[in-house]
Amino acid sequence: MVYKGLDIITNKVTREEQQLCRHHMISFLDPLLSYSVVDFRNKALSIIKDIIGRQKVPIIVGGTNYYIESLLWKVLVDTKEEKAFSAPDHAAGSRTPSPNRKEELEKLNCQELYKRLAEVDPEMAAKLHPHDKRKVARSLQVYEELGVPHSKLLLKQRQEEGGGPLGGALRFPRPCILWLHADLSVLDERLDRRVDEMLAAGLLEELMGFHTRYNQQKIAENSQDYQHGIFQSIGFKEFHEYLTSNSSCSETREKLLNQGIAALKQVTKRYARKQNKWVRNRFLKRPGANVPPVYGLDVTDVSKWEETVLHPAMQILESCLKGEEPPVLPLTMECDQNEEKRKRHVCELCDKIILGDREWKG
């Protein structure tokens, strides 16, 4: 978590854990600043190159898979605006808030936004859902600032030497992905328990303090936005009703609190499923030379951590560093070479737009 604050709800690495090995990009950014995936990539890459230059091995831990992809592959398109604000002090963690055309575009309604994109980049518009405001705005921003359709730039990346289904070439030689996974029932129980532990560690006090410092005034001005920055973090917006309630009735506040806790547990489990789905669909079902091997490590039974996680992981990493084949085989999944993951389908019966052949067939 790059933002300062909300240490409990974002499950940040503790100070004790940070003493075990050096960590980077934690709690260095003011919560009110905008920070895009391009900002993250630029700062992280400078740190990674420094680590490699010191003959060390960078380990990327996460998290948001989209951000991790930006480090593995040359997949993002820099706009003029983003290049202009990639200053030398960026690597040091201080930066001036940049104007954000994307956020300005997101203020338009979905229909108008999608119409604009369809006019200048119909190919990209056909791959995006009209209600996916953030992606539509991003593609429109790219066209406005570079004068080239987003779809053409992405196609060029895929066609470059070393490119493939996930975009441009890999940035670094011989990367490998370690995927920690667990049985779903065990994972659900573990996630519920984690929320309970957060509450015992002072979650409510943390949320209330953060709300008072950063969020209360925004709500009073009707300018609150739970779609950007730290405010979109899982766990903060779920307690919105509780944090903003003026009720003095203990029963009402207890009800709102329980609703927030239930919502947090539900959305946490939903996000975990989304992460697992991302690994399967983006890495395991995307054949190509530029997709790194994915090694599965079963964390269902943590009492067997050394046997099922630590020792296999060390063997894999040591082999990869030597340029040898690890004793553990990477995961594989069958995939349909002809499947269109972004193909647009329209259901006339339910009046819905569905993207992807698999979703359509399902």
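# Close-up views of side-chain pairs and a surface patch

**View A. Glu123 and Lys127 stand four residues apart in helix 7 (residues 122-127), so about one helical turn separates them.** The model is predicted: local features need pLDDT of at least 70, side-chain atom pairs count only at pLDDT 80 or more, and totals for chains, interfaces and linings use all residues. Residues are numbered from 1 along each chain as its sequence is written, and side-chain values use heavy atoms, with hydrogens and water left out. Helices (H or I, at least four residues) and strands (E, at least two) are DSSP runs, numbered from the N terminus. Glu123 and Lys127 form a salt bridge, with their closest N and O atoms 4.0 Å apart. A salt bridge here is a side-chain nitrogen of Lys or Arg within 4 Å of a carboxyl oxygen of Asp or Glu. Glu123 is partly exposed at 42% relative accessibility. Lys127 is partly exposed too, at 27%. Buried means under 20% relative accessible area, exposed over 50%, and partly exposed in between (1.4 Å probe, protein chains only).

**View B. Glu69 and Arg282 meet in a salt bridge (2.7 Å, N to O).** Glu69 lies in helix 3 and Arg282 in helix 13 (residues 250-284), so the pair ties together parts 213 residues apart in sequence. Glu69 is buried, at 2% relative accessible area. Arg282 is partly exposed, at 23%. The structure holds 12 salt bridges.

**View C. The side chains of Asp196 and Lys265 form a salt bridge of 3.0 Å, N to O.** Asp196 belongs to helix 10 and Lys265 to helix 13, so this pair ties together parts 69 residues apart in sequence. Asp196 is partly exposed, with 39% relative accessible area. Lys265 counts as buried at 19%.

**View D. Phe40 and Tyr67 form an edge-to-face aromatic pair, 5.1 Å centre to centre with 65° between the planes.** Phe40 lies in helix 2 (residues 37-53) and Tyr67 in helix 3 (residues 65-72), so the pair ties together parts 27 residues apart in sequence. Rings of Phe, Tyr and Trp (its six-membered ring) pair if their centres lie within 6.5 Å; planes under 30 degrees apart count as stacked, over 60 as edge-to-face and the rest as tilted. Phe40 is buried at 15% relative accessibility. Tyr67 is partly exposed at 25%. Tyr67 also pairs edge-to-face with Tyr66: 6.3 Å between centres, 85° between planes.

**View E. The charged end of Arg253 sits over the ring of Tyr242, 4.6 Å from its centre.** Lys43 has its charged end over the ring of Phe28, at 4.9 Å from the centre. A charge sits over a ring if NZ of Lys or CZ of Arg is within 6 Å of the ring centre and within 35 degrees of the ring normal.

**View F. Leu180, Val302, Trp305, Leu310 and Met314 make a nonpolar surface patch of about 440 Å².** Patches are made of residues with over 30% relative accessible area and no salt bridge: like charges are joined within 9 Å, nonpolar side chains (Val, Leu, Ile, Met, Phe, Trp, Tyr) within 5 Å. Areas come from the Shrake-Rupley method with a 1.4 Å probe; for residues, only the protein chains shown count as cover. Helix 14 (residues 305-322) gives the most to the patch, with three residues. Leu180 sits in strand 1 (residues 177-181). Leu180 is partly exposed, at 43% relative accessibility.
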